[in-house]
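Let's take a walk through this one together, starting where two chains meet and then moving inside one of them.

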Amino acid sequence: VTRPARILLVDDDVPIQRALAPLLRSRGYEVEVAGTGGDALKAFAAHPPDLIVLDLGLPDLEGTEVCRRIRADSNLPIVILTARGAEQDKVAALDLGADDYVTKPFGPEELLARIRVALRRVFSDDAAEVGRVRLGDLTIDYDRRRAVRGEEDIRLTPKEFELLALLARNADRVLTHRTILKAIWGPNAVDQPEHLWVLISQLRKKIELDPSEPRYLLSEPWVGYRFTTEPGRGE
Amino acid sequence: MFRDLSRLAAALAAVALVTSAYVGWLNVTNATMVALSFLLIVLVVATTSRLWIAVVTSVTAMLSFNFFFLPPVGTFTIADPQNWVALFAFLAVSLVASNLSSVARARTDEALGRRDEMASLFDLSRDVLLVTDSREAITLLARFIYRRFGLDYVAICLPKQGDWDVFESGPLALALDRSQLSLDADHRSIVVANQRVQLVPLRLGKKPVGLLAAAGREIEAGTLDALGGIAAIAIERAQFLEERETAEVARRSEALKSALLASLGHDLRTPLTAIRVAASNLQASWLSDDDRREQSQLVLAEVERLTRLFQNILEMARIDAGGISMESRWVDPSEIIEAARDQVEQALRQHTVEVQVDDSRLVHLDPRLTAAALAHLLENAAQYAPARSVITVAAVVSANDLEISVRDRGAGVAEADLPHLFERFYRGGEAKRRASGTGMGLSIARGLLAVEQGRVWGENCPGGGARFTIRIPVKTTAVASSESIA
């Protein structure tokens, strides 16, 4: 990356703007601030940023609506801020294509990590699924459709491999149950999460050292799963 | 009684009149004609008066018939045995006629009485249906019964865990012996303090739900049953209303709790996030001095916001618990305004506050409560009026109350929001656009003022902007001297 990434920060709360904007600038991002959904869409149209940090509780438009409109035009990463306990909004926004979320009150590092991961996706999106990809001490071998840990081959069923590949492709991002179900079993399976539970537990048995305390394949309760490349980060 | 005596006198006068007319003037001697005339009088008397009057009239007429018209005239002796027959036939006919007509009269009276009782029952059932306050319903029911039926004492007794709840009404004070009450018995009477008390079971279907006790006028058994039926329905209705109200209260308090949680969810987490991020920014080395100042100001302002939020929650809890007492003293209205401004100084920083107090009278109220309520109105105005606009606070003292109004130059209140402004956690269409504001301030202001019997309302001003007005009933002084307030 030659130029600094531009971030559009959308939150109606002025103190939040005043705390976050300098933080992001200090990490080398260019920051533009919008206080309403309308302003956010305008700023987005006028000068598309590299990433949007979007608060879901906006005064004029539902945050999910902003998310949907942006997704209609662009694939740029969206990180959601939410103060609501309601998981539904989060999941709805993620299903609409948001990349990740942070729940208020969050610490600065949490947000910065999400932003880093979301930006990385942009640059790895086009990577072809060939050869081998290393994620921590786990290697995914696309040619042989299996995973390797150290010297040990892990045999995976086709569905297990598909799930692992999907999660690895979106490493460090949360994927909602719905997204995963749709990607692996097709649109008709989105309301049958039990498929996913079974498959996840099979996959955990194979790739996790201790499936009862997964290091890679983390649950995001009521939202989805995240494949983390920084195991033991203590989420 | 007087009426009966005058009727009797009239009846006897009629007999005397006919007798003297026939004897002294018309010279009528035909026994048949005399007997028929007397019979006519007796019949008229019997249809209009009581039986005993008719009987006395009959006997008098018979004696008069015997004395004046049956030979030998002028004596009570009767010569011709045929005349004995005539005399007794007359007496018998007049007595039978009296009796028949008085029975007919009694029937009519009874029918009229029934009609009145039916009307009373009907009125009662209407009264009962109109009662909406469940708590008062049963006492009201007792009062309705006593009034509609002209009784001296009415009690509705409902069994309650081995004891009885007794709801009484009527001028007579009776101490019902509760051990004499029982759901099992049918109609019966007991004697309490020399009063006969009729007891009627109240039944819903077959199930007895209570007892009705009535004293004073005797009420007919059928009517009592009907009364018991209506009372039972009324009681069931009251209990139903009460249950519904309890359910409604529970539902509202649930709704309130979740509104509180939702509100806290947003209103706590947002400032906490800002504080957390700003505090960690303060630790960073990349900050310039200006940045550092700004970030620390930010932390302080957010802490202030949280403090205010907690104050609101606490105040609200105290209002709910009824834990706010009033301490009135003499105070200058401008002092209250000053105190209120101090409390929300932060919120008012960006506005110009104009104060108009043209009165030097003192008012007697609780300055603490009043100022706290006013502070909420000021804070509200500051939130919804644009920065740097003018907020006008005006106090007007009149003979019996103090009015303080807060007028802003904002966009005013949407018509649809006006009726709900003081509802807890209500945030109008416009309010939702603001990050600050918890939907508690105005409802707290109202709660605080209620302790002082004060009112608060909001309206839109003709020239734009909203005006919120507090009115508190107070004693006021004429221009105060130090003695008068000592």
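Before any numbers, a word on buried area: it is the accessible area, taken with a 1.4 Å probe, that two parts lose on being put together, summed over both. Keep in mind as well that this is a predicted model.

With that in hand, look at where the chains touch. Between them, chain B and chain A bury about 1,900 Å², and 60% of that lies on carbon and sulfur atoms. If you want to know who does the work on the chain B side, go to R269(B), T273(B) and W286(B): this trio supplies 27% of the area that chain B buries against chain A, more than any other three residues. In terms of head count, chain B puts 21 residues into the contact and chain A puts in 18 residues.

There is some charge pairing here too. Two salt bridges link chain B and chain A. In a salt bridge between the chains, the side chain of D13(A) meets that of R305(B), at 2.9 Å from N to O.

Now step inside chain B and find helix α2 (residues 31-48) and helix α3 (residues 51-69), which pack at an angle of about 165° with their axes 9 Å apart. Angles over 145 degrees count as roughly antiparallel, so that is what α2(B) is to α3(B). The crossing of the two is right-handed.

What do they touch with? From α2(B) come residues including V34(B), F38(B), I41(B) and V45(B), and α3(B) answers with, among them, I53(B), A61(B), F65(B) and F69(B). Sorted by type, the residues of this contact are 13 nonpolar, three polar and no charged.

Conventions: Residues numbered from 1 in each chain as written. Chains lettered and ligands numbered in written order. Predicted model: local features only at pLDDT ≥ 70, side-chain atom pairs only at ≥ 80, totals over all residues. Heavy atoms only, no water. Axes fitted to C-alpha atoms, helices over the stretch in contact; angles between N-to-C directions. Helix = DSSP H or I, 4+ residues; strand = E, 2+ residues; numbered from the N terminus. Parallel < 35°, antiparallel > 145°, perpendicular 65-115°, else oblique. Left-handed = near helix turned anticlockwise from the far one by under 90°. Contact = heavy atoms within 4.5 Å. Nonpolar A, V, L, I, M, F, W, Y, C, P; charged D, E, K, R; others polar. Salt bridge = Lys/Arg side-chain N within 4 Å of Asp/Glu carboxyl O.
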